[in-house]
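Here is a friendly briefing to read with the model open beside you. Please take a look at the sequence and the structure, and then we can go through the details together.

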Amino acid sequence: MRVSSLKLNILFVVLLAIGVVFSVVSGKVWLPWDAWNQTDPRWLIIAELRLPRTVLAMVIGAALGAAGAVMQGYLRNPLADPGLFGISSGAALGAVSSMYFGYALSAFLLPAFALAGAGIAMLLLALLAGRSGSLIMFALAGMILASITGSLTALAISLAPTPYVASEIVNWLMGALTDRSWDDVRITVPIMALGIAALATTGRSLDALTLGEAAARSMGVDERSLQWKVVIGVGLCVGGSVAAAGIIGFVGLMVPHIVRPLVGGRPSAVILPSALGGALLLLIADSVVRIAPTVSELRLGITMSMLGAPFFLAMLLKLRRSLA
Amino acid sequence: MNLPTPEILEARRIGVAFGGNRVLRDVSTRFETGKVSVLLGPNGAGKSTLLSCLAGLRRPDSGSVSLAGVDVLALARRDRARRIGFLPQTAEVHWDVDVGTLVSLGRLPHRGHGGETAEDREAVAEAMRVTDVARLATRTARQLSGGERARVLLARVLAGRPQWLLADEPLANLDPAHQLDVLEQMQRIAAEGVGVVLVLHDLSFAARIADFAVLLCEGRILTAGAAHDVLRPEPVRDAFGIDAHFGTAQGPDRFVIPLRRHRG
């Protein structure tokens with residue numbers, strides 16, 4: 001089934017509008033319409049807890065969806081995920097080290113450390129991948145970076161000064177949007193917006209890459225500038241999202257994969273619907289974890305992994321069949 | 001579109017080395033629009049490397065390539081992309097896009113940030129018509145045979161209406177009928193004033209369609225000139241190390257059959 005990108009985008013926007021309402025009213029405390037005025041005591045829950053959380057869920061979902069769509073187009077691999085770059089684990093390492101050293105008490109320091117971690121990972125990635133603009137070097141550099149940052153994070157947990165710090169780190173790594181404030185929105189949303197804007201400019205070059213690197217170069221694609229745009233765009237999107245919510249995997253893998261058959265394979269046509277679809281997916285998932293009947297709130301990052309892993313497996317099996 | 005004076009694509013003393021291995025040494029030659037030129041030579045002679053230097057895709061370690069007197073690497077990327085169409089050897093298509101979309105990718109160097117113009121649509125339709133792929137328009141890349149895919153990718157380059165068409169082994173993986181189709185396309189667009197430069201392995205096809213031939217061996221030009229001067233027993237023996245039979249089919253059509261490795 002094929003639909004035009006425009007129709008799909010409109011559908012996503014309509015669903016998002018419904019999702020926003022659902023996200024604001026749902027949770028351990030249900031907030032009916034009569035709570036929606038500033039004189040009602042429950043307004044505080046809406047304004048200070050639900051709304052920032054809703055905004056963050058949407059922007060993080062959009063950032064991860066767009067980053068996934070661009071990465072898949074860039075690497076020309078439908079199994080690529082922003083997590084592969086090592087940028088999300090770099091950001092996580094930054095955040096974890098802020099907890100390890102006990103700086104996380106200030107609202108600004110954890111996101112700042114996470115972004116610094118993402119930035120350093122981006123820089124290392126660009127340095128490791130070299131000047132060639134080669135995709136293979138890029139993917140390999142990303143994998144190496146991911147394993148190094150992953151092991152350093154494990155080291156920080158194992159050497160944590162107190163059991164409390166260790167459990168705080170582990171908890172944070174699982175990814176969640178619990179108790180996020182407007183401060184988190186103010187720090188991380190502009191960063192992710194900047195990242196999405198950078199990624200939005202890659203469409204034409206990604207389309208040309210459909211025909212391979214040599215053809216793309218002959219069609220006027222500047223591979224090095226494309227690589228920078230991808231590194232910076234994905235870095236800001238993933239770094240911002242990790243700073244806001246910890247590691248939330250699989251959004252960037254699943255959403256472009258669902259969207260692609262609907263709009264045709266052209267990479268540029270996948271970016272915007274993936275951003276909107278990512279926003280919708282995370283918005284719904286974050287509402288559902290709040291109303292799930294568990295003792296403590298279900299972790300968003302874990303929920304997404306539990307949705308994503310079987311999805312990944314199904315994709316792999318399908319791919320294996322088509323290769324057989 | 002017959003130009004009064006042909007445009008010249010010229011390689012001047014090009015040298016390229018991969019690591020310590022010198023792939024091209026001091027190669028100088030020139031090509032004209034309105035002609036079909038072929039690059040010939042054994043594997044590893046440097047044909048593809050020369051073609052990518054000519055297309056401005058690779059910076060030679062020494063020497064330069066000029067297009068109408070301007071260094072090809074000094075041209076703005078998009079300007080170069082509009083003037084030189086390049087058909088790589090690998091027929092890569094990474095996403096399962098439909099044929100219409102695939103061909104219209106050839107218009108990317110011409111497009112602004114707005115949508116398709118009437119000229120874009122017309123160029124795509126024309127390219128699909130002359131390559132006989134219009135009836136495949138709604139199929140997707142995975143539903144094409146090897147020959148269909150090769151024609152669709154040729155249509156992609158033609159949709160850009162380049163002044164030059166550089167193709168690396170455009171006949172690879174095609175059956176004889178489609179090889180003839182593609183060669184006919186090359187001759188037709190050359191007659192319209194496009195400069196066609198092809199890397200070919202088939203000496204008979206080269207003898208039939210080339211106006212100009214360059215015979216490369218171990219990174220040097222062994223001989224270059226009119227195809228019938230280049231495709232003679234001695235240069236072919238020296239370049240490929242083979243004895244071949246040279247004959248004439250109907251009319252002017254010549255053929256070359258490799259017989260055996262040359263000994264002695």
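## Briefing

Asp132(B) sits in the loop between helix 4 and helix 5 of chain B (helices are DSSP runs of H or I with at least four residues, strands are runs of E with at least two, both numbered from the N terminus). This is a predicted model, in which local features need pLDDT of at least 70 and side-chain atom pairs count only at pLDDT 80 or more, while totals for chains, interfaces and linings use all residues. Residues are numbered from 1 along each chain as its sequence is written, chains are lettered from A and ligands numbered from 1 in the order in which they are written, and side-chain values use heavy atoms, with hydrogens and water left out.

**Positive phi angles**

- Asp132(B) has a positive phi of about 60 degrees, although it is not a glycine.
- Asp132(B) counts as partly exposed because its relative accessibility is 45% (buried means under 20% relative accessible area, exposed over 50%, and partly exposed in between, with a 1.4 Å probe and protein chains only).
- For background, most residues other than glycine have a negative phi.
- Glu169(B), also not a glycine, has a positive phi of about 50 degrees.
- Glu169(B) is placed in the loop between strand 7 (164-168) and helix 6 (176-191) of chain B, and with 17% relative accessibility it counts as buried.

**Nonpolar cores**

- The largest nonpolar core has 142 residues (a core is a set of buried Ala, Val, Leu, Ile, Met, Phe, Trp, Tyr and Cys residues joined through side-chain atoms within 4.5 Å).
- Helix 2 (residues 43-75) of chain A gives the largest share of this core, 14 residues.
- The residues with the most contacts inside the largest core are Ile60(A), Val234(A), Leu40(B), Val103(B) and Leu198(B).
- Leaving aside neighbours within four places in sequence, Val234(A) is in contact with Ala67(A), Met71(A), Phe85(A), Ile87(A), Leu199(A), Lys229(A) and Gly239(A) (contact means heavy atoms within 4.5 Å).
- A second, separate core has 28 residues, including Ala11(B), Val16(B), Val72(B) and Leu75(B).

- Which residues of helix 6 (residues 163-173) of chain A are buried? They are Val165(A), Ala166(A), Ile169(A) and Trp172(A).
- Seen down the axis of helix 6 of chain A, these buried residues fall within an arc of 135 degrees, so they line one face of the helix (the arc is that of the directions from the helix axis to the C-beta atoms).
- The face of helix 6 of chain A turned away from the buried side carries the exposed residues Pro163(A) and Tyr164(A).
- Ile191(A) lies in helix 7 (residues 182-200) of chain A and counts as buried, at 17% relative accessibility.
- Beyond its neighbours within four places in sequence, Ile191(A) is in contact with Leu115(A), Leu236(A) and Gly240(A).
- Ile191(A) and Cys237(A) are 46 residues apart along the chain, and their C-alpha atoms are separated by 7.0 Å.

**Salt bridges**

- Over all chains, a search of the whole structure finds 28 salt bridges (each is a side-chain nitrogen of Lys or Arg within 4 Å of a carboxyl oxygen of Asp or Glu).
- Arg142(B) pairs with Asp96(B) in a salt bridge whose closest N and O atoms are 3.9 Å apart.
- This pair links distant parts of the chain, 46 residues apart: Arg142(B) is in the loop between helix 4 (118-130) and helix 5 (146-159) of chain B, and Asp96(B) is in the loop between strand 6 (84-87) and helix 3 (99-104) of chain B.
- Arg142(B) counts as exposed at 64% relative accessibility, whereas Asp96(B) is partly exposed at 23%.
- Glu148(B) and Arg139(B) form a salt bridge at 3.3 Å, N to O; Glu148(B) is buried, with a relative accessible area of 12%, and Arg139(B) is partly exposed at 28%.
- Arg107(B), Arg111(B), Glu116(B), Glu119(B), Asp120(B) and Arg121(B) are joined into one network by salt bridges that share partners.
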